[in-house]
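Biologist: Please take a close look at a single part of this assembly, the place where its two chains meet, and describe it in one connected account.

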Amino acid sequence: MPVQEKALETFKFLVVDDSEFARRALIKVLSHIGGTLAGEAVSGQDAVQKYKNLRPDLVFMDITMPGMEGIDALDAIMHEDRAARVVMVSSLGHNDLVKDALKKGAKHFITKPVQNVPMAEIVRFVLTH
Amino acid sequence: MRLDYLNPIVDSAIAVLTECTGTAVERGDMSLNQTASPTRDVAAIIGMAGEVEGRVILEMSRDTALSMASQMNQQQLSDLSPLALDTLMELTNMIVARGVSALNDNGFTFRLTPPMIFTGANLCFFSNLNIETLAIPLQISAGEVTLNVALRMNEF
């Protein structure tokens, strides 16, 4: 089996968003392409803690959340593990924000809603680069 | 109100509603109101502060709110539960955030407040912002939603 297909069958993901609807939508899309839910977090602090405990293959991180925001949680996770694969998922998608996230180590940036995003391609790209 | 503030938000509302519901959105005639007070049972509101200030309100009937939240969750929701209300807040957030991202790329800087939602009959909001409001009805399969946009350039 090609490496890329194998990766898509086995990845474990952590979903970080303060919105239950947003978490459910992401979990549905990612499970549909073969991912396994490692855990859910509702804030930046929660995400950092759960990353340390769960060590998922991929993190899908919202930006605007109460308390620690997604960009700061990205920073903290990258500080903890330089090999972490974090994908930012935000309703905001202006250029400065995208540049900042990529500069801080995010592997990709997705703009909500996620229903029509080519998620399999994005996951494959992030897992293999 | 300048149309360069309004258009990205209306375009975003049509695009996000189309993507989230999977059905076409029909835009009705725009009207001008003196206040941003909603007239229906469910109103989700997001404020803006910075170089551009004001608010955007998405309002709809209870039936339309339930139908849309059910559609977006792909499950029948029978009341305005926390999940249904969260869905409508997230919908409003996606609409406004995508619209203001376009404004931000055009050089305006500002911050959004977290979305809030109000439900009940005879809702009435008061504010001293004193900005005229443009109301744009949008017809979707779940019913009609109205986008109320009240924005202005802040003179520092």
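Modeller: Two residues are in contact if their C-beta atoms, placed from the backbone, lie within 7 Å. The model is predicted, with local features needing pLDDT of at least 70 and side-chain atom pairs counting only at pLDDT 80 or more, while totals for chains, interfaces and linings use all residues. Residues are numbered from 1 along each chain as its sequence is written, and chains are lettered from A and ligands numbered from 1 in the order in which they are written.

On this basis, 16 residues of chain B are in contact with 15 residues of chain A. Helices α1, α2 (62-73) and α3 (82-105) of chain B each supply at least two residues of the side that touches chain A; helices here are DSSP runs of H or I with at least four residues, numbered from the N terminus. The largest share of that side of chain B, eleven residues, comes from α3(B). By type, the residues of this side divide into six nonpolar (Ala, Val, Leu, Ile, Met, Phe, Trp, Tyr, Cys and Pro), five charged (Asp, Glu, Lys and Arg) and five polar (the others, Gly among them).

Within helix α1 (residues 3-21) of chain B lies B:C20. Beyond its neighbours within four places in sequence, B:C20 is in contact with A:P113 and A:Q115 of chain A, and with B:M72 and B:L91 of chain B. B:C20 counts as buried because it has 22 C-beta neighbours inside 10 Å, the cut-off for buried being 20 or more other C-beta atoms within that distance, with C-beta atoms placed from the backbone. The C-alpha atoms of B:C20 and B:T113, 93 residues apart along the chain, are separated by 22 Å.

Terms used
A residue is buried if 20 or more other C-beta atoms lie within 10 Å of its own, exposed if 12 or fewer, and partly exposed in between; C-beta atoms are placed from the backbone.
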